[in-house]
Amino acid sequence: MPSNDNSTKEVPEALVKPSILDLPTEIIILIILLASKQDFHAPHNPRQTILCISQLCRDLRDITLDLPAAWAQSMDLGGHSKLLTKVIIPRCRNVHFDTLVLPPVTTNLLKSDSMKKIARERSAVPTIDILDEERVPCSEFNRKLCRILPSLIGQTRNIVLRVNPRDWKDIGNFFRQTLSSLEGLTVMRGQGGDEVEPRDEDQCTSVTINQFLSDVSSPWNLRSLNLRKCYFDLESTAFSRLEELILFDLPVCVAICPSAMLHILQNMPHLKRLELDKVTFTEAYLEEGDEEVFWYGIEDGPVVKLPKLQKFIFDGPVTHCASLISKLQIPPTCIINFTCTSITSIPSPDDPCRQIVAYFSSRKAGCKAITLGKSITVEITDGGLVFGTTQPTLESRRDILMERQKDTEAPTSYFCLCLLWDEELTHIDPLELLGFVADSFHDSFAEVTDLRLNYDLPQPTDWALHRMDLMKFLYPFKQLQHVDVANNSTFGFLLPYLHHPICTHRDLPSWYQPSPKASWSLDPLSSLRSFYFLDVDFMTLFFSGPSTQTVHSLLIRYMKSRCSRYGKTSGMTGRGLIRKINRIYLHNCTGLSNLAWGQLGFYGASVETLDPAGSSTGN
C-alpha cells in the first residue's frame, strides 16, 4: 500500500510565497538605504523604519547591522539617550552625518499637515519652520546638548540647534568643543510661553562663547552660519571663511548698527549669501530714529568688497539700507531683495529712498547697464509699494530664450524692492511714489514684456491726476506685450488708460523730450497683445470720466478702439505699429456673458478660462 506520509513530498513551486530575501543582496541593500531616507511625499520616521527592518528576521538584521550608512542617514537625536549611545551611534561607526537637529523635528513633521505640504514643495524637511513653532518637545535636552552632540561633531557636517531660554546658560558648554570641522551651524534662541523680548545681553548671547571666539587664531572650516534671535562675536577670525551669513530678528540689546555691520563684513570676503532680517533695530535707532549716530561714521569708513556675493536680503529701516549699500561693493548681477521700512516722504534729493532707487537704476556690468529682465511685478497696497523681477509667462519664455542667445543682450539683475511706511504717521501718495520709481527705471522698463500688476487700494478720486500719474508710469514700457490684472481694484487703476489710451505730451514724464515731428496721438502700450484677468467681476461698476460703466463695457470699448487703430503708428519715437489684443485669459472671473465673449472674439481676441488646476478652455 502506498504510504500516507507526505513529509517527503516537494511543495509545488507555484505555491511558494516569494520573499524579499529572494532578491540579490545588493538590491536589498539599496532598498534599506532608500528606507533610511526621508520621503518628502510620504513622510515617515527613518530611524524607526531602520530599527523595525533590523528586527524582522535574522537575515535582514545581519544585512542592516552591516550598513552604517543607513543608520547614519536615519540618525535622529530623539528618544532616550541610552538608545542613542548604546544602539544607534555605535551602529553608525565612523560614517559622517549630514545634519543633526536638536531638538529633533521628525515627530512635529509627521503631526503637521502644513509642514508636510512645505516638505513636498521644497523636497526638503522645513527644519527652521518647524523649530519656529512654540513647542518642539525633546527629552534629556541638556544631556544631548552637552554630552552626546559634542561627541559627534567630528563626523558631522551641519548642526541645527534651538535653545530655549531656560537652557540658554548651557550653550557655552557646547561651544567649548572643537567646532572648526563643521560646515554649517544654525543656532536659534527659542521663546517659550508669554516671554517678552530679552533686555539683557546674557539672555541672547554668551560671554563664555564670545571670549572663546576672540581667542580663535585661525579660520574654521565653517561655510554657513545662521543666528536667529541670538548673537555671537562675528568679528572672530573663526568666521572669515563664511560663504553664507544669515542673521534674523536680533533683539534690541544685541542689534547691529550699519557701521558695525560693515566692520564685520569686511572680514568675510568669501560671502555668497547674506541675509540681514530685522538686525539693525538698535536701542539708539528706536530712541533717535533717523538722527541715530553710529559708533563711527559711515562716510569715513572703507568700501567693503564682497566680490563673490550672489544673493543679498535686507529687511530694516530705509536709512540703514541706504547706509549699507553706500559702502558695499557687490557684483552687479547679485540677486537683491530689500524691504525698506519707515519711509517718511516722497524722495527728495538727499532722501535715503532716492539713494536706494538710484543705486538699483545705475548698476552696470562693464559698459552695459543692468536691466530688470523681461518680467516684473508691481504691487501697490495700503502702506507699501513692492517692485521686482518675476518669472515670465509661458507665452514669452520662448522669445526670452532666443533673446538670451544674442551677444548684445544686456545682463539682467533679479531683485525685489519693497518700500513700506506707516499710514498713521506718514502721508505718502502711492501713485506719486510709483511715478518716481518709473522715472528712475525708465531705461530698464523699456526691455520689459510682462507686467504683473496688483493695485489693492480704492480708486483715486481725482480723475485727471490719476490719469497723469498712470500715463507717466506706463510710458516707459515700450515693448510691453502682456499685463496681469490681479483684481477689480487693479482694473480700476488702469481705467484712465483703458477708457482713453491716447495721451498727450502733458501726460508724459518730465524727462520725455518729443521730437518736433512727434504726433500728439500717443499710445504708450502700442505692443500690448494679451491680458490675464484674475478675480475680476466684469459686472462691477466704475466711474470713468463723465459716466459710470461696467468692467465688461469698458473692456469692449478698449478692444474696439484698439482694433480701429490696428497697424497704425503709435506716434511715439522708437515704438512700432499698434498691435491687436489677440488673447485674453480669465482666472476665477465672473460676469462675462456669452455675448461678451462673442464681442471680444469679433475684435480679434481669443478668450481662455483657466481653472485652479491650470487647464484652460477657449472660445
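Ser-342 counts as partly exposed, because its relative accessibility is 34%, which falls between the 20% limit for buried and the 50% limit for exposed. This serine sits in the loop that runs between strand E10 (335-341) and helix H15 (352-361). Please keep in mind that the model is predicted. The protein chain has 619 residues, and buried residues make up 50% of them.

**Around Ser-342**

- Leaving aside neighbours within four places in sequence, Ser-342 is in contact with Tyr-285, Val-318 and Leu-420.
- Gly-289 is 53 residues away from Ser-342 along the chain, yet the C-alpha atoms of the two are separated by 9.4 Å.
- One of the contact partners of Ser-342, Val-318, belongs to helix H14 and is buried.

**Helix H14**

- Helix H14 covers residues 318-327 and is mostly covered, with nine of its ten residues buried.
- Among the buried residues of H14 are Thr-319, His-320, Cys-321 and Lys-327.
- Ala-322, Ser-323, Leu-324 and Ile-325 of H14 are buried too.

**The chain as a whole**

- You will find 22 helices and 23 strands in the protein chain.
- Of the contacts with a separation of 6 or more, 72% are between residues 24 or more positions apart.

**The largest pocket**

- The largest pocket holds about 1100 Å³ of space.
- It is lined by 41 residues, and those closest to its centre are Asp-98, Thr-99, Val-101, Val-125 and Thr-127.
- Strand E1 (residues 97-102) gives the most to this lining, contributing five residues.
- Sorted by class, the lining has 19 nonpolar, 14 polar and eight charged residues.

- Leu-102 and Pro-103 are joined by a cis peptide bond, with omega at about 0°.
- Pro-103 has its place in the loop between E1 and helix H6 (106-111).

**Helices H2 and H3**

- Helix H2 (residues 46-54) and helix H3 (residues 58-65) have axes that come within 7 Å and cross at roughly 135°.
- On the H2 side the contact is made by Ile-50, Ile-53 and Ser-54, and on the H3 side by Leu-60, Arg-61 and Thr-64.
- The residues of this contact divide into three nonpolar, two polar and one charged.

**Asn-173 in helix H10**

- Asn-173 is found in helix H10 (residues 171-175).
- With a relative accessibility of 28%, Asn-173 counts as partly exposed.
- Thr-208 lies 35 residues from Asn-173 along the chain, and their C-alpha atoms are separated by 8.7 Å.

- Asp-535 is not a glycine, but has a positive phi of about 55°.
- Its loop lies between strand E18 (530-534) and strand E19 (541-544).
- Asp-535 is partly exposed, as its relative accessible area is 37%.
- Asn-588 is a residue other than glycine with a positive phi, here near 60°.
- Asn-588 belongs to the loop between strand E21 (583-587) and helix H22 (594-602).
- With a relative accessible area of 54%, Asn-588 is exposed, because the cut-off for exposed is over 50%.

Key:
Residues are numbered from 1 along each chain as its sequence is written. This is a predicted model: local features need pLDDT of at least 70, side-chain atom pairs count only at pLDDT 80 or more; totals for chains, interfaces and linings use all residues. Side-chain values use heavy atoms; hydrogens and water are left out. Axes are lines fitted to C-alpha atoms, for helices over the stretch in contact, and angles run from 0 to 180 degrees between N-to-C directions. Helices (H or I, at least four residues) and strands (E, at least two) are DSSP runs, numbered from the N terminus. Contact means heavy atoms within 4.5 Å. Ala, Val, Leu, Ile, Met, Phe, Trp, Tyr, Cys and Pro count as nonpolar, Asp, Glu, Lys and Arg as charged, and the others, Gly among them, as polar. On a 1 Å grid over the protein atoms alone, a cavity is a set of points where a 1.4 Å probe fits but cannot get out, and a pocket is an open set with protein on both sides within 12 Å along at least five of seven lines; lining residues have an atom within 4 Å of a point. Grid points are joined across faces, edges and corners, and a volume is the space filled by probe spheres set on the points. Buried means under 20% relative accessible area, exposed over 50%, partly exposed in between (1.4 Å probe, protein chains only).
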